[in-house]
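Hi there,

Here is the structure I promised to pass on.

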Amino acid sequence: MIDLIRAEFLKLSSTRTALGLFIAAVIVSVGPALLVMSLFPRDLLDGEGAAAAAAATGLTVVPMLAVVFGILGMTNEYRHGTITYTYLATPRRGLVIVIKLICYALVGAVIMAVTALLVVAVIAAVAALRDIHPSWLEASAISDFETLRSIGLFLLTVGLMTAFGVGLGALFRAQIPTVAGILIWALAIEGIITVIKPKIGMYLPFVAFQQLTMGGALHVGEDGGLPSLTRPEAFLVAIAYIAVFSVAAVFISMRRDVT
Amino acid sequence: MPVIEVEDLSKRFGKKVLAVDDVSFSVAAGTITGFLGPNGAGKTTIMRMLVDLVRPTSGRVTVLGGRYRDLTHPTTRVGALLDASGFHPGRSGRNALRVVARAAGIGYDRVDSALEMVELAGAAGRAVKGYSTGMKQRLALACALLGDPEVLLLDEPANGLDPEGMKWLRGFLRAQAAEGRTVLISSHVLAEIEQTADHVLIISKGKLLARGPITQLAAGAAAVVRVRSPQAQKLEGLLLQKGAGVNRLDTALAIRGPSSAEVGELAHANDIVLHELLAEQPSLEDLFLQIAGTRRES
């Protein structure tokens, strides 16, 4: 088991997939932060200024990259034919997929943690240059329990979404159709379903992942707003999706011919 | 004691394609067995079923007494070369082997020795995408050797090798046999098998057509009598009347059926001048073509 985990990390460190994820995450998160902090008027950024928090909104797009990272992790094995050697070394295919789920979840979360730190560092640097003092950048606010919990939930969500991507990749194998399909599903179809049938929409995978970090922030409930899940509910729904897709992937992989 | 046993093995892809049709054979320990057949005959499918990559539709396959998936550290018992292109193009040759070695619980020292065995140590640090087809083939062979296995399954190992590489492969296979390894090698380059294998399995359209030692199969096959005569056309007519198989090209005849003595006597009885009369033992290629029911162009 330890050998398999080490082999998986060696696979990651000997190709550029993880580095590509990191670069993409930095571009989509640091870029907007830099623009907002550099160009927005000071009074919008100072003190309780909401625009400062908006500088970090690029990070909300980043978990989607984690899903793609997970999909690539598994589909690359089929695309390059390395799955033959993977299964020759470890004929227990279910174990191969479970180990990949764990390793990719960890690596995805670590990459996002580094990206988030980089975003905060960039915001802090530009704020210092412009002599701006956003309240949420103060040490007491960052070490606040709520803030730490949000960061933890963000990383957990990223890890879960990466694992979800691995499950999808193992199930569908074809790289480009899987990535394209999941982006269309997440960015368009789920949104449409959520608007038309909100009570069904809140149980959809990417809405559930989002609710895990936002934790009922969308919930306005009986006064006419969008219904949403609490964090524990969203966590259970997310885990259920990962479990269903992973079990299906293991079940099908065990019966599938590697030709 | 057979190392590989295949019983009543069949594999169907979808409803229409019967890739392997009720095949049975065994491979004895310490032998080199050639697995012959044209492209699409079912060789690769059988090889992949031996290592659990393809699931049989029916029948049974055992390697070293059990299923591949049930072997402890299988790559240290059975080494397989199945897909020379199955390496990540961005990974170096050394790292490609290290990934497999790590997953299989094999030490990195074996990676270096396997690379040296296939004479690829000098290029081990380069990305696989820069390798020639022959180099990828050698890398795949190194991968099969990683666990120092007692059984080697080699699917078309000569693909992409230049004449020098083919010569190297023959020497390599002989060395493996000398060390007591069991080798099952598939190929459609029959000359390569003829020079290395003790036994052959001949397969076509998913069916096993023949199996046994090459010498035994060759003894049972019809020899080819080659004749050169200015009256070749007349001799051809006489031979055809007697039911022989004849191919003629100008003054040269290739005759299957009668012995060289019978051909000589027939020519003498009919006052036919012969410039050349030669009984030729069938090559493995002749043998294969005879068994597969096709004819080689003379």
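In strand E12(B), Ala252(B) is the bridge partner of Leu249(B). Before going further, please keep in mind that this is a predicted model. Two other bridges place E12(B) among its neighbours: Leu253(B) is the partner of Arg248(B), and Ile255(B) is the partner of Val225(B).

On one pairing, E12(B) runs antiparallel to E11(B), residues 245–249, over 5 bridges. These two strands form a hairpin with 2 residues between them, and there Asp250(B) has a positive phi near 55°. On the other pairing, E12(B) and E10(B), residues 224–228, are also antiparallel, over 5 bridges.

Put together, this gives an open, antiparallel sheet of 4 strands in chain B, in the order E11-E12-E10-E13. E11 and E13 (276–280) are the edge strands, each pairing on one side only. Direction ignored, neighbouring strands in the sheet are turned by 15° against each other on average. Helix H9(B), residues 260–269, packs on this sheet and touches E10, E12 and E13 of chain B. The direction of H9(B) makes about 160° with that of E13(B).

The C-alpha atom of Leu239(B) is 8.6 Å from that of Pro258(B), 19 residues apart along the chain.

Another helix I looked at is H5(B), residues 163–178. With 16 residues, H5(B) reaches 23 Å from its first C-alpha to its last, close to the 22 Å expected. Its buried residues are Gly165(B), Leu169(B), Leu173(B) and Gln176(B). Seen down the axis of H5(B), these fall within an arc of 80°, so they line one face of the helix. An α-helix has 3.6 residues a turn, so residues three or four places apart point the same way. The cover over the buried residues of H5(B) includes strands E3, E6 and E7 and helix H4 of chain B. Turned away from that buried side are the exposed residues Pro163(B), Glu164(B), Gly171(B), Ala175(B) and Ala178(B). After H5(B) comes Gly180(B), with a positive phi near 90°.

Now for the contact between the chains: 29 residues of chain B are in contact with 24 residues of chain A. Helix H2(B), residues 93–104, supplies the largest share of the chain B side, 7 residues. That side divides into 14 nonpolar, 7 polar and 8 charged residues.

Finally, chain B as a whole. It has 10 helices and 13 strands, and 45% of its 298 residues count as buried. The C-alpha trace spans about 75 × 45 × 35 Å along its principal axes. Of the contacts in chain B with a separation of 6 or more, 66% are between residues 24 or more positions apart.

Best wishes

Key
Residues are numbered from 1 along each chain as its sequence is written. Chains are lettered from A and ligands numbered from 1 in the order in which they are written. This is a predicted model: local features need pLDDT of at least 70, side-chain atom pairs count only at pLDDT 80 or more; totals for chains, interfaces and linings use all residues. Two strands pair if DSSP finds at least two bridges between them. The expected span of a helix is 1.5 Å times one less than its number of residues. A residue is buried if 20 or more other C-beta atoms lie within 10 Å of its own, exposed if 12 or fewer, and partly exposed in between; C-beta atoms are placed from the backbone. The arc is that of the directions from the helix axis to the C-beta atoms. Two residues are in contact if their C-beta atoms, placed from the backbone, lie within 7 Å. Ala, Val, Leu, Ile, Met, Phe, Trp, Tyr, Cys and Pro count as nonpolar, Asp, Glu, Lys and Arg as charged, and the others, Gly among them, as polar. Axes are lines fitted to C-alpha atoms, for helices over the stretch in contact, and angles run from 0 to 180 degrees between N-to-C directions.
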